[in-house]
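Have the viewer ready and follow along.

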Amino acid sequence: MSNPTLTRTTLNLTVRPRRLRRSEALRRMVRETVLQPADFVYPLFVRPGRDIRQPIHSMPGQYQLSVDQAVEEARAAFELGVPAVILFGIPAEKDATGSENYDPEGIVPRAIRAIKDALPEMVVISDMCFCEYTDHGHCGIINRPGGPHFNPYLPEGYLLNDATLELLGRASVVHAQAGADIIAPSGMIDGMVGAIRTALDEDGLNHVAVMSYAAKYASAFYGPFREAAESPPQFGDRSQYQMDPANRREALKEVALDVVEGADYLMVKPALPYLDIISDVRGRYDLPVAAYQVSGEYAMLHAAARNGWTDLRRTALESLTAIKRAGADLILTYFAKDAARWLEDNRE
Ligand code: PBG
């Protein structure tokens, strides 16, 4: 694109961009990206019990919450203008197939019902994955001799794709029946969006949307989350199903498949180290784009601030602005409540 102002006049310093930055009012007039609380989705970790707010050490200000406390936390966010929560469950028991995930009395379906009862207008998103529910900590059914769907042609420990799809469909129906507005599959299982869409539609749940973790990378920035959700893989890692951080074109292939399978929202995760991917997805598709500012991003900003090295509020708002500027319509962030408050203060 040619820029007519960048001719000789630039050299003569007749064009002075600083004119637009002289005062806060002038700067506000040309600000291209403005954050608002409605941009945020607030992640909550829900566990069994009552009256529990168990701090997560690597994520200051975040807690494992019993259902009653999750309702209060959702209410506080909603009152600050944050329209949505995404729920992660810490089940009472884990097993080979993660059966608590498709139990209507499981921890997340109970939390969905409680939040929807208390706050019918709040958007409730259910993170749909098996890693919190399986005893091995992987995101689906694992190939084990004697285990369910054992396939002798695949290595032991391999995540069985199609057997997992069936369970994802089943669990999604259970969470949608409990009242979830959006199902957000996060396991990077091939075909997960299509399988969930089909299962929901067959059960009269075609009003429930699917937010796909479409381009999710095998990232070290998920470290603190695994403490929070008690979901570290017991062997190996997730690089058989999550994407290689080195790949950019492949993200567009992953996203294309999810679009064809019927995704309503496309998510990129993590956020800050993957702004190029957010920008690519925004440029290529018209669906709403979400970005997940993950646990390690949150922990990093807190850790530096605690050392007195950076200012938490400013680094957090700057990061969130950058994520939105890159093309995200929605940001899943542990800063949701704080940022909504900060934005309110900034207006005063
Ligand atoms: C579950 C899931 C993970 C996160 C969101 N959903 C962990 C993982 O894939 O290992 C990470 C979120 C965060 O780090 O904040 N599949």
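This is a predicted model: local features need pLDDT of at least 70, side-chain atom pairs count only at pLDDT 80 or more; totals for chains, interfaces and linings use all residues.

Strand 1 (40–47) and strand 3 (63–66) each contribute at least two residues to the lining of the second largest cavity. Strand 1 gives the largest share, four residues. By class, that makes six nonpolar, two polar and one charged residues, around a space of about 40 Å³.

How many cavities of 30 Å³ or more are there? The count comes to three, and the largest cavity has a volume of about 140 Å³. Its lining is made up of 18 residues, and Cys131, Lys216, Tyr222, Phe225 and Lys269 are the closest to its centre. Sorted by class, the lining of the largest cavity holds nine nonpolar, three polar and six charged residues.

What takes up the space of the largest cavity? That is where you will find the ligand. Around the ligand are 16 residues, of which Lys216, Arg226, Lys269, Ser295 and Tyr334 come nearest. This shell divides into eight nonpolar, three polar and five charged residues.

Now zoom in on the polar atoms. Gln242 places a polar side-chain atom 2.8 Å from an oxygen atom of the ligand. On the nitrogen side, a polar side-chain atom of Lys269 lies 3.3 Å from a nitrogen atom of the ligand, and an N or O atom in the side chain of Ser186 is 3.3 Å from a ligand nitrogen atom. Taken alone, the ligand would expose 400 Å², and the protein buries 100% of that area.

Terms used: Residues are numbered from 1 along each chain as its sequence is written. Side-chain values use heavy atoms; hydrogens and water are left out. A residue is near a molecule or strand if one of its heavy atoms lies within 4 Å of it. A polar contact is a pair of N or O atoms within 3.5 Å; within protein, one must be able to donate a hydrogen and the other to accept it, and residues adjacent in sequence count only if both atoms are side-chain atoms. Accessible areas come from the Shrake-Rupley method with a 1.4 Å probe; for residues, only the protein chains shown count as cover. On a 1 Å grid over the protein atoms alone, a cavity is a set of points where a 1.4 Å probe fits but cannot get out, and a pocket is an open set with protein on both sides within 12 Å along at least five of seven lines; lining residues have an atom within 4 Å of a point. A molecule sits in a cavity or pocket if more than half of its atoms lie within 2 Å of its grid points. Ala, Val, Leu, Ile, Met, Phe, Trp, Tyr, Cys and Pro count as nonpolar, Asp, Glu, Lys and Arg as charged, and the others, Gly among them, as polar. Grid points are joined across faces, edges and corners, and a volume is the space filled by probe spheres set on the points.
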